[in-house]
Amino acid sequence: MQGKRGAASEGEEMADTRVVIAGTGSYLPERVLTNADLERMVDTTDEWILTRTGIRERRIARDDEATSDMCLAAARSALESAGVPSAEVDLIIVATITPDMFFPSTACFVQTGLGATNAYCFDLEAACSGFLYGMEMVRGLVGLGLIRTALVIGGEKLSCVTDWEDRATCVLFGDGAGAAVLRPSTDGRGIRASVMGSDGSLAELLNIPGGGSRRPASEETLKDRLHYMKMTGREVFKHAVRCMSDSSRQALEQAGLTVEDVHCVIPHQANMRIIRAVADRLGIPMEKFQVNLERVGNLSAASVPVALDEAVRAGRIQKGDLILFTAFGGGFTWGATVLEW
């Protein structure tokens, strides 16, 4: 990989180790599941869902549509946007909590679909923070001169781990994928600062308890519905607001910026009340937040890259704009990244 990194001129390599997003892409399944549909499935109402979450509908993948299929579509779109052939990709990271299977990695399936034979591949599991964690890993590898071009993808088929009998959680989640091509900066733009964090002592508040080595699949785990997402909503809300706000302030401070400098915020789309609370704590008007939650629901690791791609394609983000990304997820994990577009 070092040899590939050295393909560019030495001056270009050493001039700046910032990483830019050279292209974005996303994919959402065709099927739409509305709040009215959920009213026929569980004891809920459109008003209850909308008031508590801000979600009106979400996308649901086909039974034969795996996470890698959605990631592949998003990756192709991102490569086309960047004008980068698959042969130039050195690394593929797929952030997901719903891989195609335990192994091999979903990223390897994406590699095969793209024909990106020069890339090495792995999955990253940091729940809803996964895309930001992936970007930070790429930033480090580019800075070390080990790679030049990476695909960071967030993809989820959350419908397959959603308990459709639990009205508190089944209204929240959807399926989809988003991707970004990351490359070294040549003009000083790119990632300015990142802050990442985790707290494993709170893991029981948001998890899928069954199916792993601690509680392997069995008649008991199936009967107890342990292969579905479990969440203690009130506690998750509190920690999400605090961690997203604090990490955002820290990242801006590291970058030598203030909230007034931010042009657009791309938050994890978990719950509208969380997004509004983060906006209030930071003192950033909601008009600066890119929000697609109403149409797609919570996409976990796909949430941030899908929202980013939609903002880019809508012309909301222009060269030189300062973008704040912030996310929070199971683990707990969280992070914030400041990037000059």
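Start at the hairpin made by strand 12 and strand 13, where three residues sit between the two strands. One of the residues to look for here is Gly331, which takes a positive phi near 145°. Keep in mind that you're looking at a predicted model. Strand 12 covers residues 322–329, and strand 13 covers 333–340. The two run antiparallel and are joined by eight bridges. To see how they line up, find Leu322: it stands opposite Glu340 in strand 13.

Strand 13 has another partner too. Strand 8 (190–198) is joined to strand 13 by eight bridges, and this pair also runs antiparallel. Here Ser198 is the residue that stands opposite Thr333.

So is strand 13 covered or open to the outside? Mostly covered: eight of its eight residues are buried.

Elsewhere, a ring has a charged neighbour: Arg167 lies over the face of Trp48, at 4.8 Å from the ring centre.

In soluble globular proteins, nonpolar side chains tend to be buried together. The largest nonpolar core here has 48 residues, and Phe328 and Phe332 are among the members that touch the most others, along with Leu252, Ile274, Ile284, Leu324 and Val338. Strand 8, strand 12 and strand 13 each give two or more residues to this core, and so do helix 9 (233–254) and helix 10 (272–282). Take Ile274 as an example: leaving out residues up to four places away in sequence, it touches Phe237, Ala240, Val241 and Met244.

There's also a second, separate core, with 31 residues that include Ala180, Val304, Ala307 and Ile317. Val304 and Ala307 are in helix 12, where they are buried. Helix 12 as a whole is mostly covered, with nine of its 11 residues buried. Just after this helix, Gly315 takes a positive phi of about 75°.

What does helix 12 (residues 303–313) lie across? The answer is strand 1, strand 6 and strand 7 (175–184), and the helix runs at about 100° to strand 1. These strands are part of an open sheet of five strands, in the order 1-7-6-4-5, with mixed pairing. Strand 1 (19–27) and strand 5 (120–124) are at the edges, each pairing on one side only. From one strand to the next, the twist averages 20°.

At the strand 5 end, five bridges join that strand to strand 4 (residues 91–95), and the two run parallel. Look for Leu91, which stands opposite Tyr120. Helix 6 (residues 106–114) packs on the sheet too, touching strand 4, strand 5 and strand 6 (150–157). The direction of helix 6 makes about 130° with that of strand 4.

Notes: Residues numbered from 1 in each chain as written. Predicted model: local features only at pLDDT ≥ 70, side-chain atom pairs only at ≥ 80, totals over all residues. Heavy atoms only, no water. Pairing = 2+ DSSP bridges. Helix = DSSP H or I, 4+ residues; strand = E, 2+ residues; numbered from the N terminus. Axes fitted to C-alpha atoms, helices over the stretch in contact; angles between N-to-C directions. Contact = heavy atoms within 4.5 Å. Core = buried A, V, L, I, M, F, W, Y, C linked by side-chain atoms within 4.5 Å. Buried < 20%, exposed > 50% of the residue type's maximum accessible area, 1.4 Å probe, protein only. Lys NZ or Arg CZ within 6 Å of the ring centre and 35° of its normal.
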